[in-house]
Amino acid sequence: MSHNPSKILELVEPIAAGVVAEHAIRVDREGRFPEEAVSALGAAGLLGLVSAREVGGLGEGHRAAALVVEKHGPEAVRRDVAAGRHLSTLAFSEAGSRSQFWAPTSTATKNGSSVRLDAKKSWVTSAGHAAAYVWSSRPVAAAGASTIWLVPAKTQGVRLDGAFDGLGLRGNDSRPVAAEAALVPESARLGADGAGLAVMLEIVLPIFNVMNAACSIGLMETATQRTAAHAASSRFEHDGAALADLPTIRAYVARMRLKTDLARALLLDTLDALETARGDAVLRVLECKAAAGELATEVLDIGMRVTGGAAFRRDLGVERQFRDARAATVMAPTTDALYDFIGKAVCGMPVF
Ligand SMILES: Cc1cc2nc3c(=O)[nH]c(=O)nc-3n(C[C@H](O)[C@H](O)[C@H](O)COP(=O)(O)OP(=O)(O)OC[C@H]3O[C@@H](n4cnc5c(N)ncnc54)[C@H](O)[C@@H]3O)c2cc1C
């Protein structure tokens with residue numbers, strides 16, 4: 001696995017500053033999927049960022065992320081992911097088990113040489129645009145709480161079951177998906193029957209928490225920079241003072257900077273812990289999402305206060321980040337579930 005962040009940033013930055021920024025306001029306003037941005041990321045090879053080099057990916061990211069496709073995915077799908085032709089998404093949350101994804105209530109039953117899936121998935125991001133869903137169910141026959149499948153979106157019996165009109169992350173096409181007597185081959189299983197929890201915790205959780213934390217930090221960083229720029233450039237005409245000349249405003253901006261840097265430092269330490277298989281790696285993985293998610297809501301709350309009336313205008317962008325930042329706290333594992341896991345780890349109790 002290679003680690004060359006500056007090369008990756010050279011690929012990402014023009015896309016972020018170009019097509020992503022260009023469409024951000026419209027995607028948010030219309031609540032439509034950011035197709036142009038996803039296509040640009042695919043064309044630059046970035047959807048294959050963590051795909052192995054053998055299948056044409058960039059081979060970047062941390063070990064667990066690579067494992068999710070390396071260990072369990074069919075080679076053709078892995079090649080399509082690496083080439084930016086395949087978007088898959090997590091279908092873990094359910095109407096029954098809600099945010100407690102480790103206890104799915106949906107079923108998988110043997111049906112001749114196939115497996116029949118029945119489910120009410122409550123939230124599936126990119127649902128109408130994904131080629132396949134990484135899908136949890138109760139096991140077919142084995143003991144254990146869950147089994148994971150790769151379910152092609154076009155599988156007969158799988159249907160989109162609603163629309164998305166969210167407070168934030170409005171372009172993410174996050175919809176309920178239902179399965180009624182949907183048949184998949186046994187080869188669609190990712191990992192062993194009944195081994196879903198291990199796949200969720202050892203493979204999905206580290207990459208999900210790390211990426212989720214990085215997303216929260218990105219929102220904080222942009223908001224901090226925009227707020228600081230607004231404070232420095234907005235003036236009171238009667239005395240010529242800038243907002244940033246007010247000590248209270250500077251202190252708020254300082255708190256935004258501090259909280260953003262705290263979250264980033266913890267994320268970087270989490271990556272170090274994962275890369276070197278440190279003893280506290282699991283604790284750090286739990287902490288980084290909880291901390292970044294909560295700090296992002298605090299930073300954006302301050303950003304809304306400091307930018308004053310301008311915060312209510314869409315063009316400044318801080319109100320969009322304020323709405324987007326809320327999602328991390330309720331995306332499973334939710335902050336409160338993470339606090340429970342972290343508390344158990346710190347008190348020397350079994351975490352899961
Ligand atoms: C924008 C967005 C995109 C999403 N995309 C996906 C996706 O692609 N795939 C997917 O599978 N899911 C996705 N989700 C769903 C998400 O992961 C959660 O499952 C969902 O937000 C939980 O909502 P709920 O109302 O069912 O939560 P509930 O489970 O009803 O939780 C309500 C409250 O109870 C608390 N709570 C629940 N269990 C515990 C516990 N054990 N300890 C402490 N507190 C607890 C929660 O923290 C929360 O505050 C998405 C959610 C959002 C908002």
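Student: Which residue in S7 is the bridge partner of Leu160?
Tutor: The model is predicted: local features need pLDDT of at least 70, side-chain atom pairs count only at pLDDT 80 or more, and totals for chains, interfaces and linings use all residues. Residues are numbered from 1 along each chain as its sequence is written, and side-chain values use heavy atoms, without hydrogens and water. S6 and strand S7 (residues 175-185) run antiparallel, joined by 3 bridges. In S7, Leu160 is partnered by Val177.

Student: Which residue takes a positive phi in the hairpin of S2 and S3?
Tutor: S2 (residues 107-111) and S3 (residues 114-124) run antiparallel, with 5 bridges between them. Within this pair, Lys110 stands opposite Val115. The hairpin has 2 residues between its strands, and the positive phi, near 65 degrees, belongs to Gly112.

Student: Between which domains does the ligand lie, and why?
Tutor: An automatic or database assignment sets the domain bounds; the chain is divided into domain 1 (5-86), domain 2 (90-192) and domain 3 (197-346). The ligand lies between two of them because the shell around it takes residues from both domain 2 and domain 3.

Student: How much of the ligand's accessible area does the protein cover?
Tutor: Polar contacts are pairs of N or O atoms within 3.5 Å; within protein, one must be able to donate a hydrogen and the other to accept it, and residues adjacent in sequence count only if both atoms are side-chain atoms. A ligand oxygen lies 2.7 Å from a side-chain N or O atom of Arg98, and a ligand nitrogen 2.9 Å from one of Gln100. Accessible areas come from the Shrake-Rupley method with a 1.4 Å probe; for residues, only the protein chains shown count as cover. Of the 980 Å² that the ligand has on its own, the protein covers 73%.

Student: Which element gives the largest share of the shell around the ligand?
Tutor: The elements that give two or more residues are S1 (88-91), S3 and helix H10 (335-346). The largest share, 3 residues, comes from S1.

Notes. Pairing = 2+ DSSP bridges. Helix = DSSP H or I, 4+ residues; strand = E, 2+ residues; numbered from the N terminus.
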